[in-house]
Amino acid sequence: MAQATVAGPPPMTRREFLFYIWGASMLLSLGGATGAILWFAYPRFREGEFGGDFPIAVADLPPVGAPPEDNPAGRLRLVRTDEGLIAIYKVCTHLGCLYSWVPANGRFECPCHGSKFEVTGEYIEGPAPRNLDRFIVRTFDANGNLLTETITGDPNSDPAAGSPVEVPDDAVEIRVATGQRVDGASVS
Ligand code: FES
């Protein structure tokens, strides 16, 4: 007895093949566009990670005149003066060594080539070409409203750029933006 044959699916036509190729390419480009949007929409650095924001309670800030407070994760030192708060980048402006706070001398000293800086990061001596760099500091009240922030710009043409940020009485939190820096003013 002859065996019954089962008909398979009809072969794909050229038109169907081109349609599937077109659909696949559309999905790929849509996925790429979505990925690009997400890439730009979300912060590259998380909070508390160098490059991102470091939130610090005002109650935890060093008092005025205290030695610089080290924040290793943020690669910064917090300094509070009568004028306000500054967050100094821990990298020397000469060739990128990590300088130290020397309590006996009351200044920062770089072990690599001997540059020295005031507690506020101003250049004293050595081969460093500029003052120490500062991160942007912002202060916020209990409702999350921005109160004060570091003035950005070029301190060589605007002496207010990077100057200490006032911490108002109603501020409860500061945030140091380690992804935003004001370069120190050049030394003449
Ligand atoms: S890297 Fe600091 S003085 Fe050269």
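The protein has one helix and eleven strands. Helices (H or I, at least four residues) and strands (E, at least two) are DSSP runs, numbered from the N terminus. Read along the sequence, the pattern is α-β-β-β-β-β-β-β-β-β-β-β. This is a predicted model: local features need pLDDT of at least 70, side-chain atom pairs count only at pLDDT 80 or more, and totals for chains, interfaces and linings use all residues. Residues are numbered from 1 along each chain as its sequence is written, and side-chain values use heavy atoms, with hydrogens and water left out.

## Overall figures

Of the 188 residues in the protein, 35% are buried. Buried means under 20% relative accessible area, exposed means over 50%, and partly exposed lies in between (1.4 Å probe, protein chains only). The accessible surface comes to about 11700 Å². Carbon and sulfur atoms hold 57% of that surface. Areas come from the Shrake-Rupley method with a 1.4 Å probe; for residues, only the protein chains shown count as cover.

Contact means heavy atoms within 4.5 Å. Among contacts with a separation of 6 or more, 52% are between residues 24 or more positions apart.

Helix 1 spans residues 14–41 and contains Trp22. Trp22 also belongs to a nonpolar surface patch with Met12, Phe17, Leu18, Phe19, Tyr20, Ile21 and Met26. Together these residues have about 910 Å² of accessible area. Patches are made of residues with over 30% relative accessible area and no salt bridge; like charges are joined within 9 Å, nonpolar side chains (Val, Leu, Ile, Met, Phe, Trp, Tyr) within 5 Å.

## Sheet 5-6-7-8

Strands of a sheet pair through backbone hydrogen bonds, either parallel or antiparallel. Here, two strands pair if DSSP finds at least two bridges between them. Four strands form an open antiparallel sheet in the order 5-6-7-8. Its edge strands are strand 5 (100–102) and strand 8 (123–125), each pairing on one side only. Strand 5 is joined to strand 6 (residues 107–109) by three bridges, and the two run antiparallel. Within this pair, Ser100 stands opposite Glu109 of strand 6.

Strand 9 and strand 10 (residues 146–149) run antiparallel and are joined by three bridges. Arg138 faces Glu149 in strand 10. The hairpin of these strands has five residues between them, and Gly144 takes a positive phi near 85 degrees there.

Thr139 is found in strand 9 (residues 134–140). Thr139 counts as buried because its relative accessibility is 0%. Its side chain makes a polar contact of 2.6 Å with the side chain of Thr148. A polar contact is a pair of N or O atoms within 3.5 Å; within protein, one must be able to donate a hydrogen and the other to accept it, and residues adjacent in sequence count only if both atoms are side-chain atoms. Leaving out residues up to four places away in sequence, Thr139 touches residues including Leu147, Val165, Pro168, Glu173 and Ile174.

Gln180 is found in strand 11. At 36% relative accessibility, Gln180 is partly exposed. The C-alpha atoms of Gln180 and Phe135 are separated by 5.8 Å, although the residues are 45 apart along the chain. Beyond four places in sequence, Gln180 touches Arg134, Phe135, Ile136 and Arg138.

Asp183 lies in the segment after strand 11 (173–182). At 39% relative accessibility, Asp183 is partly exposed. The C-alpha atoms of Asp183 and Leu132, 51 residues apart along the chain, are 7.1 Å from each other. Beyond four places in sequence, Asp183 touches Arg130, Asp133 and Pro155.

## Salt bridges

Side chains of opposite charge can pair when their charged atoms come close. A salt bridge is a side-chain nitrogen of Lys or Arg within 4 Å of a carboxyl oxygen of Asp or Glu. By this rule the count is eleven. The table includes three of them.

| Arg46 | Glu49 | 3.4 Å |

Lys90 lies in the loop between strand 4 (84–89) and strand 5, and Asp70 in strand 2 (residues 69–71), so the pair ties together parts that are 20 residues apart in sequence. Lys90 is buried at 13% relative accessibility, whereas Asp70 is partly exposed at 40%.

Arg46 is exposed at 62%, and Glu49 is partly exposed at 27%. Arg175 is buried at 19%; Glu173 is partly exposed at 27%. Glu173 and Arg175 are linked with Glu47 and Asp53 in a network of salt bridges.
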